[in-house]
Amino acid sequence: MSNPNGIEGARNGSQPPGRAFASRVAWISPERQTAVMDIQATEIQAATPSDIPAIMLVERMEGYARLVGRWDAERHATEIENPSCRYLLTRDETDVAGFAILQGVGSVNQRLRLKRIAVRNAGHGIGSNFLRSVLRVCFDELAAHRVELLVFEDNERAYRAYVKTGFVEEGLVRDLHRDADGNFRSMRLMSLLRPEWVARP
Ligand SMILES: CC(C)(COP(=O)(O)OP(=O)(O)OC[C@H]1O[C@@H](n2cnc3c(N)ncnc32)[C@H](O)[C@@H]1OP(=O)(O)O)[C@@H](O)C(=O)NCCC(=O)NCCS
């Protein structure tokens, strides 16, 4: 069965590391590709192309423009089919409450990049809980050794969410990003390694 997250269901149990989550998604709920993880009551699912409009709304929440990247529908449609990418999301009663995009699935270095994470309702712990669920997928299902990310140096809320989840700051990458107005902005490089994740309290 082909599926929208670029994941092939492996029904014979012989999938390589990192495919386990994928195949579980394909197994459990063909319609919504639902994989339910049990972390702090945050349900996490693989997104499908039909979720792209809701994901784009979250990317475009008021005040997020300087905090998080955004893609158009075409780019999302390409990335969601990319086998080295995973789109994960959490829902509330009404709609998509947050999403995350992982890159680097299947890399020989077992290095995943948390390319993007955002929740609709920031500042209430929802994103931090979702982040823990995403990390569990990274380490338990996608066989990551290292999960890394870049965060704008003035994005204090996200930085604190990452620190309290166990990420370590590795340094400031200077003038990495150029805004539309021509200003350059620096970003913090952060990472979390498997031994640190395993040893978390
Ligand atoms: C980043 C994000 C997913 C974190 O999820 P969240 O649910 O907002 O996280 P929390 O509510 O647990 O807040 C994280 C920390 O920031 C603090 N915080 C909350 N609002 C804040 C604000 N406006 N400014 C600074 N810190 C703030 C919280 O107190 C918490 O710290 P503490 O637990 O040490 O007290 C979410 O804020 C988000 O979607 N932000 C917009 C997009 C974005 O910035 N994405 C990250 C790009 S790298």
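Visitor: Start with a detail. Which residue in β2 is the bridge partner of Q45?
Guide: L89 is the partner of Q45. This is a predicted model, by the way. β1 and β2 pair in the antiparallel sense, over two bridges.

Visitor: And how many bridges join β2 to β3?
Guide: Seven bridges join them, and the two strands run antiparallel. One of the pairs is R91 with V96 in β3. A hairpin of four residues links β2 to β3.

Visitor: Is β2 mostly covered or mostly open?
Guide: Mostly covered. Five of the seven residues in β2 are buried.

Visitor: Zoom out. In what order do the strands sit in the sheet?
Guide: The order is β1-β2-β3-β4-β5-β7-β6. The sheet is open, has seven strands and is mixed in its pairing.

Visitor: Which strands stand at the edges?
Guide: β1 (45-46) and β6 (168-178) do. Each has a single partner strand, so one side of each is left without a neighbour in the sheet.

Visitor: In what sense do β4 and β5 pair, parallel or antiparallel?
Guide: Parallel, over three bridges. β4 covers residues 111-119 and β5 covers residues 146-152. Among the bridged residues, L112 has V147 in β5 as its partner.

Visitor: Now helices. Which strands does α4 lie across?
Guide: α4 (residues 126-141) lies across β2, β3, β4, β5 and β7. The helix runs at about 155 degrees to β4.

Visitor: And α5, where does that one lie?
Guide: α5 (residues 156-165) lies across β5 and β7. Its angle to β5 is about 160 degrees.

Visitor: What are the element counts for the chain?
Guide: Six helices and seven strands. From the N terminus on, the elements run α-β-α-α-β-β-β-α-β-α-β-β-α.

Visitor: On to the ligand. Which residues come nearest?
Guide: L67, A122, G127, S128 and A158 come nearest, out of 21 residues around the ligand.

Visitor: Which element gives the largest share of that shell?
Guide: α5, with six residues. β4, α4 and α5 each supply at least two residues of the shell.

Visitor: How does the shell divide into nonpolar, polar and charged?
Guide: 11 of its residues are nonpolar, six are polar and four are charged.

Visitor: What does V168 touch, leaving out residues up to four places away in sequence?
Guide: M190, S191 and L192. V168 and L192 are 24 residues apart in sequence, and their C-alpha atoms are 6.2 Å apart.

Visitor: What share of the chain counts as buried?
Guide: 34% of the 201 residues. As for contacts with a separation of 6 or more, 55% come from residues 24 or more positions apart.

Visitor: Last topic, confidence. What is the mean pLDDT?
Guide: The mean is 84, and 80% of the residues reach 70 or more.

Visitor: Where does pLDDT stay under 50?
Guide: Over residues 1-41. The model has 67 contacts beyond four places in sequence for that stretch. Where pLDDT is low, the predicted coordinates should not be read in detail.

Conventions:
Residues numbered from 1 in each chain as written. Predicted model: local features only at pLDDT ≥ 70, side-chain atom pairs only at ≥ 80, totals over all residues. Pairing = 2+ DSSP bridges. Contact = placed C-beta atoms within 7 Å. Axes fitted to C-alpha atoms, helices over the stretch in contact; angles between N-to-C directions. Near = placed C-beta within 6 Å. Nonpolar A, V, L, I, M, F, W, Y, C, P; charged D, E, K, R; others polar. pLDDT = per-residue confidence, 0-100. Buried ≥ 20, exposed ≤ 12 C-beta atoms within 10 Å, placed from the backbone.
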